[in-house]
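Q: Can we walk through this one together? I'm new to reading structures.

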Amino acid sequence: MVARYLPAVAAMGGRVLLETPPELVGLMQDLVEPGRLELAPTDQPLPPFDLQCPIMSLPGLFQAGITPIPSKVPYLHADDSLRVRWRDRLAQATARSFPLRGALKVALVWAGNPNFTGDRWRSPACRRSRRCFRCRAPISSVCRWGMGGAT
């Protein structure tokens, strides 16, 4: 969500480097403006830079709420082959297990990267999500996917 501020930072001048995990490079590729806004995968050495700003600080620096939030959407695009692969995979899984057509499909991912130091704060146990299922929406499927074998 805060990636939408990056073109505004680049428009201020200089060269902006977005340090990103290699797994997200493809998703962030549409933000690249050669010479102005470039990606720096975390599995490679950082090129020299003069200033550093955590990306989560950008809304505050741009006074979000006082000034309009950049709204050029969509600003991220998944690779077409990955989108098709996941669309087909999800269609097969839900058709096999939950044949109701037209019902709302819900997928919860309740586990992130177990190697991330703050993972315990963003990967709550499944039992904490039970309240989500007390809604009156016609939910036909709940998928349990997580990284590292989390269930």
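**Chat about the chain**

A: Let's start with contacts, meaning heavy atoms within 4.5 Å. Among contacts in the chain between residues at least 6 apart in sequence, 64% join residues at least 24 apart. This is a predicted model, where local features need pLDDT of at least 70 and side-chain atom pairs count only at pLDDT 80 or more, while totals for chains, interfaces and linings use all residues. Residues are numbered from 1 along each chain as its sequence is written, and side-chain values use heavy atoms, with hydrogens and water left out.

Q: How many helices and strands does the chain have?

A: Five helices and four strands. From the N terminus, the order is α-β-α-β-α-α-β-α-β. Helices (H or I, at least four residues) and strands (E, at least two) are DSSP runs, numbered from the N terminus.

Q: Where is Thr 20?

A: Thr 20 sits in strand β1, residues 16-20.

Q: Is Thr 20 buried or exposed, and why?

A: Thr 20 is buried, because its relative accessibility is 3%. Buried means under 20% relative accessible area, exposed over 50%, and partly exposed in between (1.4 Å probe, protein chains only).

Q: Which residues does Thr 20 touch?

A: Leaving out residues up to four places away in sequence, Thr 20 touches Val 25, Met 28, Leu 39, Ala 40, Pro 41 and Thr 42.

Q: What about Leu 51? Where does Leu 51 lie?

A: Leu 51 is in the loop between β2 (37-41) and α3 (58-61). Leu 51 counts as exposed because its relative accessible area is 78%. The C-alpha atoms of Leu 51 and Val 16 are separated by 9.5 Å, and these residues are 35 apart along the chain.

Q: New topic. What is the volume of the largest pocket?

A: About 1,400 Å³. On a 1 Å grid over the protein atoms alone, a pocket is an open set of points where a 1.4 Å probe fits, with protein on both sides within 12 Å along at least five of seven lines; lining residues have an atom within 4 Å of a point. Volume is the space filled by probe spheres set on the points, which are joined across faces, edges and corners.

Q: Which residues lie nearest the centre of the largest pocket?

A: Leu 17, Leu 18, Glu 19, Cys 53 and Ile 55, out of 37 lining residues.

Q: Which element gives the most to that lining?

A: β1, with five residues. α1 (6-11), β1 and α3 each supply at least two.
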